[in-house]
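Please walk through the model below from its charged side chains to its metal ions, strands and nonpolar cores.

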Amino acid sequence: MATEEITREDALSRVGYRHACHIMLYADTTAKLFRKIPIKHVVLMQMRFDGFFGFPGGLVNPLEETLEVGLSRELKEEVGVAIPVSEEDHLSSCLHQSPSHIITHFYAKKLEESELRDIEKAAVATADDHGLEVMGMVRVPLYFLKDGGGLPRFLSHSFISNCRSQLLFALRHLGLVSKEELERAKKQADRLRH
Ligand code: GTP
Ligand code: MN
Ligand code: MN
Ligand code: MN
Ligand code: MN
């Protein structure tokens, strides 16, 4: 599958591509699992209708709305809140030649833990897509347990499109997981997948 990193500006100048915008919503937390393992950060993803993990968001037509307004609209549908997104939240754009001509735009936005909790509630209570296109929001385990539990096990699952790379990039770029821990998690995940 031929994919290429491009700028947001370049992406908008391309003709004949569909655009999809997705976002990683996250927060810091002091919570501890089993009263001892720091959770450190809450990172939201979703179980999609097709069984893949993905980020909330969806298809946007830049001729009708800006990428960021379109992403907010998708957030309203999928998590029940039209969380405002700005160009500053943009992290990457990736052009895919196959299987379909699509450009995937990726954003990240840091919220307060309480705001994230409210979003999780709204995702069940008011989101139109709950139980349909979205089977539920999930938090990504960022810690390491015995036998690959935690982040390695999570990474061994199946992700839509280049969403797994988006997750790994954001965790590193935003300093949520160290480079060493990410390398360890990826290696362990590969072993778990076979
Ligand atoms: P409809 O409302 O049914 O049109 O779906 P949607 O607008 O919510 O679209 P969706 O979220 O499925 O995203 C559109 C396309 O983008 C998908 O077919 C995937 O190829 C891709 N996609 C979905 N989620 C992600 C994600 O988290 N990251 C990336 N990179 N691509 C994704
Ligand atoms: Mn959608
Ligand atoms: Mn849509
Ligand atoms: Mn979607
Ligand atoms: Mn839809």
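**Salt bridges and the metal site**

Glu65, Arg73, Glu74 and Glu77 are joined in a network of salt bridges, a salt bridge being a side-chain nitrogen of Lys or Arg within 4 Å of a carboxyl oxygen of Asp or Glu. The model is predicted, so local features need pLDDT of at least 70 and side-chain atom pairs count only at pLDDT 80 or more, while totals for chains, interfaces and linings use all residues. Residues are numbered from 1 along each chain as its sequence is written, chains are lettered from A and ligands numbered from 1 in the order in which they are written, and side-chain values use heavy atoms, with hydrogens and water left out.

By the salt-bridge rule, the count comes to 12. Side chains of opposite charge can pair when their charged atoms come close. Another pair consists of Arg139 and Glu120, whose side chains meet at 2.8 Å, N to O. This pair links distant parts of the chain, 19 residues apart, with Arg139 in strand E10 (residues 134–139) and Glu120 in helix H3 (residues 113–125). Helices (H or I, at least four residues) and strands (E, at least two) are DSSP runs, numbered from the N terminus. Arg139 is partly exposed, at 37% relative accessibility.

Donors are N, O and S atoms within 2.8 Å of the metal (3.2 Å for Na, K and Ca); water is not among the atoms, so sites may look incomplete. Glu74 coordinates the manganese ion (ligand 3) too, and the two ions are 3.6 Å apart. Because Glu74 and Glu78 are 4 residues apart in helix H2 (residues 67–79), about one helical turn separates them. Both of these glutamates are buried.

**Strands and cores**

Strand E2 (residues 18–28) is mostly covered, with 9 of its 11 residues buried. E2 pairs in the parallel sense with strand E9 (residues 102–110) over 9 bridges; strands pair if DSSP finds at least two bridges between them. E2 runs antiparallel to strand E7 (residues 57–60), joined by 4 bridges, and antiparallel to strand E5 (residues 41–48), also joined by 4 bridges. Ala20 stands opposite Thr104 in E9 and opposite Leu59 in E7, while Leu25 stands opposite Leu44 in E5.

The largest nonpolar core has 25 residues, and those with the most contacts inside it include Met24, Met45 and Leu167. Such a core is a set of buried Ala, Val, Leu, Ile, Met, Phe, Trp, Tyr and Cys residues joined through side-chain atoms within 4.5 Å. The largest share of this core, 5 residues, comes from H5. Apart from it lies another core of 20 residues, among them Leu25 and Leu44.

Technical notes. Buried < 20%, exposed > 50% of the residue type's maximum accessible area, 1.4 Å probe, protein only.
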